[in-house]
Amino acid sequence: MGKNEEIRKRDLNVLWHPTTQMKDHEWLQLLPVKSGQGVWLEDMEGKRYIDAISSWWVNLFGHANPHISAAVSEQANCLEHVILAGVTHEPAVRLAEKLVEITPPGLERVFFADSGSSAVEISLKMSFHYWRNIGEEGRVRFVTLSNSYHGDTLGALSVGDAGLFKAAYEPLLMEPLVAPSPDCFALPPEQWDAHAAERLADMREIFANHEGEISAVIIEPLVQCAGGMRMYPPSYLTGLRALCDEFRVHLIADEIAVGFGRTGRMFACEQGGIAPDFMCLSKGLTGGYLPMSAVMTSQKVYEAFYDEYTTLRGFLHSHSYTGNALACAAALATMELFEQRDVLADNRLLAAQMLEAVSPMRDHAHVGDIRQTGMILALEMVAQREPMIQYDWKQRRGMQVYQYAMAQGILLRPIGNVVYFMPPYVINADEIKLMANVAMAGIDLATRD
Ligand SMILES: *Cc1c(COP(=O)(O)O)cnc(C)c1O
């Protein structure tokens, strides 16, 4: 038995993998990764794979990045972790200062947690509790967009609209108001703003019909990632901010996937020229090294919680690893990497190379949409282009692309029929070509019949 096979066997005896129907692994091979270097992963037998999806969108500057590794190692020899209630430490303070500096104006307070889902939970609780603290107890509803995803814990699951992840748990969940997504699937760019304006009109109607009942609206700015990399224009963000101001509704920007340069700006909200009331950050925050998240909010929200202990106005919420010092060190080192060169400018070149590399797919009979926002590029496989007919998801064509690409040394992870690239920012032109060529051949194969 080879080393790959041995570890696979042992794995299937004891592990239960995330977002996986484990029976699939009767025929779908696990990839046993031994090490990583830059955009490359290496299995137990020395075969190499390009990590085209940044290990579920967390990795920004490559695996085993020397700068981040050194910072984590140095921190580990000094202080690995300490309780953050009643205690503070310099890495947490420095990171909070940095986040306040680089996020949109008005986000002046940082609450640390340890996963994206917990950040979403915190933003919901804070928003609700804020209204309560200022005497508007009636604001108990949340608004979300169709096809949105905000995490898998019960609160976060409630405010998402990803049917597949949610269906089994419906009886347990809060019921959000669902506004139609501004998703511009298959629309030509010149129609995007008009489409967004129509979706803003829908939102206005919901706000107007539920005046005084809504605590917050939560969105994934510009790209609904888990929903299949569906994209919409910055004008929607600008318009939504104005609506939230008009109706006094909090705007929660879930930048967990799109923050830290993914969309072409450091934060996607910048593209709409807006600042949300709450911003959730995680994934790229530590460069893909350690689990950490942060909720940013305004001084105004913070002050509504500031009172005597006995009033129950305080935000009594914690996670054991809140403000973990190793994670703070990894995050600070990641932020330093943004300052060592003009990452966003370099990414514009990489993004253009990615688009160029998939240009042969423009006329493909089974590619219904090629879309890109910064370092996220998606190709959507369809049964027919005109009129558009979608493939049935149960055919699992994305899985065929996945398996083909894996054999060719590229780790892709299509979402349904959507094949996408979201690589680390250290990918080079040759690697982009290789990744794209394999993806295109995989799409050819998966759409042959
Ligand atoms: C991944 C993700 C989450 C959940 O983060 P976890 O760390 O997986 O809990 C929430 N929102 C968005 C937009 C995400 O992409």
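Select W57: you'll find this residue in helix α2, where helices are DSSP runs of H or I with at least four residues, strands are E runs of at least two, and both are numbered from the N terminus. This is a predicted model, so local features need pLDDT of at least 70 and side-chain atom pairs count only at pLDDT 80 or more, while totals for chains, interfaces and linings use all residues. Residues are numbered from 1 along each chain as its sequence is written, and side-chain values use heavy atoms, with hydrogens and water left out.

W57 is not a glycine, yet its phi is positive, about 75°. Most residues other than glycine have a negative phi, and most peptide bonds are trans. With a relative accessible area of 7%, W57 is buried (buried is under 20% relative accessible area, exposed over 50%, partly exposed in between, using a 1.4 Å probe and protein chains only).

Next, click on T19, in the loop between α1 (3-14) and β1. Here is another positive phi in a residue other than glycine, near 45°. T19 is partly exposed, at 44% relative accessibility.

Now go to H63, in the loop between α2 (54-57) and α3 (66-76). Its relative accessibility is 15%, so H63 counts as buried. Leaving aside residues up to four places away in sequence, H63 touches G36, Q37, G38, W40, L41, D51 and S55 (a contact means heavy atoms within 4.5 Å).

Time for a sheet. Colour β1, β2, β3 and β16: in that order they form an open sheet of four strands with mixed pairing. The edges are β1 (33-37) and β16 (410-411); each has a single partner strand, so one side of each is left without a neighbour in the sheet. Two strands pair if DSSP finds at least two bridges between them. β3 (residues 48-51) and β16 run parallel, over two bridges. To see one of them, show I50 and its bridge partner in β16, I410.

Jump to Y232, in the loop between β9 (230-231) and α9 (234-247). Buried or exposed? At 2% relative accessibility, Y232 counts as buried. Its contacts, not counting residues up to four places away in sequence, include P182, W192, E220 and L237. Zoom in on E220: its backbone oxygen lies 2.7 Å from a polar atom of the Y232 side chain.

Last stop: P387, in the loop between β14 (376-384) and β15 (389-390). Look at the peptide bond joining E386 and P387, which is cis, with omega about -10°.

Methods. A polar contact is a pair of N or O atoms within 3.5 Å; within protein, one must be able to donate a hydrogen and the other to accept it, and residues adjacent in sequence count only if both atoms are side-chain atoms.
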